[in-house]
Every structure is written in structure tokens, then in C-alpha cells.
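I opened the notebook to see what this model holds.

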Amino acid sequence: MIENVGTSAYLGAAQYITDKTYLTVAGSILTVEARHQSWQSSSVLKQQPWQGPYDTPLGLNQVYTIASAFIESCPDSNAALPVKAFGALAVTGNPGDNVQFTFDDPHTTTNYAIFYSGLGMTAVQLDENDYATIPSNLQGIYYVVISTSGDVTEVSDDNIVAGPAILEAPFDAWTENPAFSG
């Protein structure tokens with residue numbers, strides 16, 4: 001899964017690169033990350049080597065939230081990082097399943113599960129017990145966060161409550177890719 005996160009990290013960070021030299025270097029690393037992910041999926045895991053027609057970009061704090069689970073310690077002399085980790089989110093299930101999302105939150109407002117797949121985002125309102133149905137059109141590796149915003153265009157680091165969690169919906173070579181929704 002971490003190879004998928006690496007691809008999503010480079011893709012999401014591309015918007016911050018203004019120097020063409022650095023953009024070329026980052027693009028070169030991104031293509032290698034994508035090949036790593038493809039090789040691991042197909043040769044090691046015997047699954048599809050791609051996730052769909054588009055990879056999924058993630059923001060800096062979303063990537064750090066996932067990566068921080070692998071960090072055991074840092075020297076005290078390290079400078080503070082300019083990123084933050086969101087709260088933990090646990091969820092298991094498949095597209096079309098009604099599942100419970102487990103996270104810490106005082107539940108003072110309505111929460112939404114925001115699904116990131118390819119270049120699209122889908123919001124689904126959680127019920128009072130933190131259940132919602134995973135959209136049925138998701139495939140491959142996709143991510144979900146919990147946000148207080150139900151408008152996907154307004155989801156930001158300021159209203160993400162927990163996540164991302166990484167989910168996977170394997171598919172075969174004959175599965176039609178979902179239409180672009182971005």
C-alpha cells in the first residue's frame with residue numbers, strides 16, 4: 001500500500017513545484033513510483049497493475065497522516081515538521097457495503113465520508129452511528145477521510161476530522177473504468 005501512497009504523494013505535491021528542473025525530477029520519480037506500484041500489484045500480489053484511468057493525488061497532511069504510522073522516533077534535534085497528522089480512521093468493506101467508520105470525534109456536527117478515487121471525490125453523509133454506504137463505482141486503491149463538509153469542493157485540512165484510510169476494491173481486466181468525475 002505504501003507504494004500507492006508514494007505515487008499519490010508525488011502527484012499531490014506537483015502543484016507546489018514552480019521550477020521546471022525540479023518538476024522534471026519529481027516527474028521522473030513519480031513514474032518510477034508508479035512502476036514500483038504496478039510491479040508489486042501484478043507480480044507480487046497477482047492483482048491488477050493499475051488502479052484505474054487516473055491515480056489519486058493526496059495532500060501533504062494526508063500523506064503525512066499515513067506515513068506517520070511508520071515513524072517510531074525522531075531525534076530531538078530535528079526541526080518541527082510543517083505538517084500535521086489527522087486522527088486515525090478505521091473502516092473495512094467493499095463498494096456497495098454499508099459500513100461503520102471508527103474515529104475519535106465529539107460528534108457536534110454532521111460528518112461525511114469523503115472518498116478519493118482517481119481525480120474524483122464523492123461525499124456520503126454518515127448516520128448517527130457513523131455508518132454509510134461505500135459508493136459502488138470505486139475500484140482499485142482509494143482513500144477516505146471524514147470531514148465536516150459535505151461539499152467536496154470545500155473539503156480542506158481545516159475540516160478533516162480523521163483519515164485517510166486506504167481501501168481497495170480489486171477488479172479484473174474486463175472491468176470498465178469509471179467515467180471521469182472531476
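I sorted the lining of the largest pocket by residue type: 10 are nonpolar, 10 polar and 1 charged. Here Ala, Val, Leu, Ile, Met, Phe, Trp, Tyr, Cys and Pro count as nonpolar, Asp, Glu, Lys and Arg as charged, and the others, Gly among them, as polar.

I noted the ground rules. This is a predicted model, where local features need pLDDT of at least 70 and side-chain atom pairs count only at pLDDT 80 or more, while totals for chains, interfaces and linings use all residues. Residues are numbered from 1 along each chain as its sequence is written, and side-chain values use heavy atoms, with hydrogens and water left out.

**Pocket.** I looked up the lining and found 21 residues, with Pro57, Leu58, Gly59, Gln62 and Tyr116 nearest the centre of the largest pocket. Helix H3 (60–67) and strand S3 (120–125) are the elements that give two or more residues to this lining. H3 supplies the largest share, 3 residues. Helices (H or I, at least four residues) and strands (E, at least two) are DSSP runs, numbered from the N terminus. A pocket is an open set of points on a 1 Å grid over the protein atoms alone, where a 1.4 Å probe fits, with protein on both sides within 12 Å along at least five of seven lines; lining residues have an atom within 4 Å of a point.

**Cores.** I turned to the largest nonpolar core, which has 20 residues; Leu89, Phe101, Phe103, Phe115, Val144 and Ile146 have the most contacts inside it. S2, strand S5 (140–147) and S6 each give two or more residues to this core. The largest share, 5 residues, comes from S6. Apart from it lies another core of 13 residues, including Leu58 and Ile66. Such a core is a set of buried Ala, Val, Leu, Ile, Met, Phe, Trp, Tyr and Cys residues joined through side-chain atoms within 4.5 Å.

**Backbone.** Which peptide bond is cis? I found the one from glycine 163 to proline 164, with omega near 15°. Proline 164 sits in strand S6 (residues 160–169).

I also checked phi. Histidine 107, not a glycine, has a positive phi of about 55°. Histidine 107 lies in the loop between strand S1 (98–100) and strand S2 (112–117). Aspartate 130 is not a glycine either, and its phi is positive at about 65°. Aspartate 130 is in the loop between S3 and strand S4 (131–133).

Are these two buried or partly exposed? Histidine 107 counts as partly exposed because its relative accessibility is 34%. Aspartate 130, at 10%, counts as buried. Buried means under 20% relative accessible area, exposed over 50%, partly exposed in between (1.4 Å probe, protein chains only).
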